[in-house]
Amino acid sequence: MKKALVLGLVAFGTSIFVAHGDIIPTLSSVTGSAPNFSWNYSANVTVDETVNKGDFFTIYDFSSIMPTTHTEPTGWAFSTALLGPTPGLVSPNDNPNLWNLTWTYNGSSPISGAAALGMFTAVTSTDQLKAGQFTAEATRSGAPAGTKIDNIGQVSVPVPESTSLLPLIGVCAAALFVAPRLRRQRA
């Protein structure tokens, strides 16, 4: 028993010193009022990682309505897609009916971690939130230097707007309209 405890403590102590690199977006705030709520994400790159041109992060299933208003730090490009983009070594849940937000670094100077990457914002019509996912791909600074690091995690995203419920509402409305007529025909 004592041996297992000692081995557990050694394993835990060793894991503390292992460098782990990620790009991590975090919801900082939701500001504004209907119909324009700004979802403000701060992003950081951690130790032993560098953000090079082409590295990116994606926030999945952000909205059922594609955000057209966005801001990002200098050197970053914004894009949307219904699927992906996703780094090759992770497998997020990705609803093909909800828009994903991706920010790709296109700056000329690498950003070495640990560093704050800045504020990334997208505007949508709701301030209601739910748990979602993000993925990221950056470049390892330490050994083996230059290799890609992919990561996945959870981040808050908007609850899909009611327009994504319109087909369901339409079916329910049709059923409510047709059902009484069918009853009358049977009688």
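# Briefing: a chain of strands

Nine bridges join strand S2 to strand S9 (residues 115–124), and these two strands run antiparallel. This is a predicted model, in which local features need pLDDT of at least 70, side-chain atom pairs count only at pLDDT 80 or more, and totals for chains, interfaces and linings use all residues. Residues are numbered from 1 along each chain as its sequence is written, and side-chain values use heavy atoms, with hydrogens and water left out. The chain has two helices and eleven strands.

**Overall layout**

- Helices (H or I, at least four residues) and strands (E, at least two) are DSSP runs, numbered from the N terminus.
- Read from the N terminus, the order of elements is α-β-β-β-β-β-β-β-β-β-β-β-α.
- The chain has 187 residues, and 35% of them are buried. Buried means under 20% relative accessible area, exposed means over 50%, and partly exposed lies in between (1.4 Å probe, protein chains only).
- Take the contacts between residues at least 6 apart in sequence: 73% of them join residues at least 24 apart. A contact means heavy atoms within 4.5 Å.

**Confidence**

- The mean pLDDT of the chain is 83, and 75% of its residues reach 70 or more. This score is the predictor's confidence in each residue, from 0 to 100.
- Over residues 3–20, pLDDT stays under 50. For this stretch the model has three contacts beyond four places in sequence.
- Where pLDDT is low, the predicted coordinates should not be read in detail.

**The open sheet**

- Four strands form an open sheet in the order S1-S2-S9-S5, with antiparallel pairing. Two strands pair if DSSP finds at least two bridges between them.
- The edge strands are S1 and S5 (70–71), and each pairs on one side only.
- Ten bridges join S1 (residues 23–33) to S2, and the two run antiparallel. They form a hairpin with two residues between them.
- Val30 stands opposite Trp39 in S2.
- Asn40 stands opposite Thr121 in S9.
- In a regular strand the side chains alternate between the two faces of the sheet.

**Salt bridges**

- The structure holds two salt bridges. Each is defined as a side-chain nitrogen of Lys or Arg within 4 Å of a carboxyl oxygen of Asp or Glu.
- One joins the side chains of Asp48 and Arg140, at 3.2 Å from N to O. Asp48 lies in the loop between S2 (36–45) and S3 (49–51), and Arg140 lies in S10 (residues 129–140), so the pair ties together parts that are 92 residues apart in sequence.
- Asp48 counts as buried at 16% relative accessibility, whereas Arg140 counts as partly exposed at 24%.
- Asp55 forms a salt bridge with Lys148, with the closest N and O atoms 2.6 Å apart. Asp55 lies in the loop between S3 and S4 (56–63), and Lys148 lies in S11 (residues 148–158), so the pair ties together parts that are 93 residues apart in sequence.
- Asp55 is buried, with a relative accessible area of 0%. Lys148 is partly exposed, at 42%.

**More on Asp55**

- A polar atom of the Asp55 side chain lies 2.8 Å from the backbone nitrogen of Asn52.
- Leaving out residues up to four places away in sequence, Asp55 touches several others, including Trp76, Trp103, Tyr105, Glu137 and Lys148.

**Gln133**

- Gln133 sits in S10. With a relative accessible area of 19%, Gln133 is buried.
- The Gln133 side chain reaches the backbone nitrogen of Asn93 at 2.6 Å.
- Not counting residues up to four places away in sequence, the residues that Gln133 touches include Tyr60, Pro92, Asn93 and Ile152.

**Leu83**

- Leu83 lies in the loop between S6 (76–81) and S7 (99–105).
- Leu83 is exposed, with a relative accessible area of 58%.
- Leu83 and Pro96 are 13 residues apart along the chain, and their C-alpha atoms are separated by 5.6 Å.
- Apart from neighbours within four places in sequence, Leu83 is in contact with Asp94, Pro96 and Asn100.

Technical notes. Polar contact = N/O pair within 3.5 Å; in protein donor to acceptor, adjacent residues only side chain to side chain.
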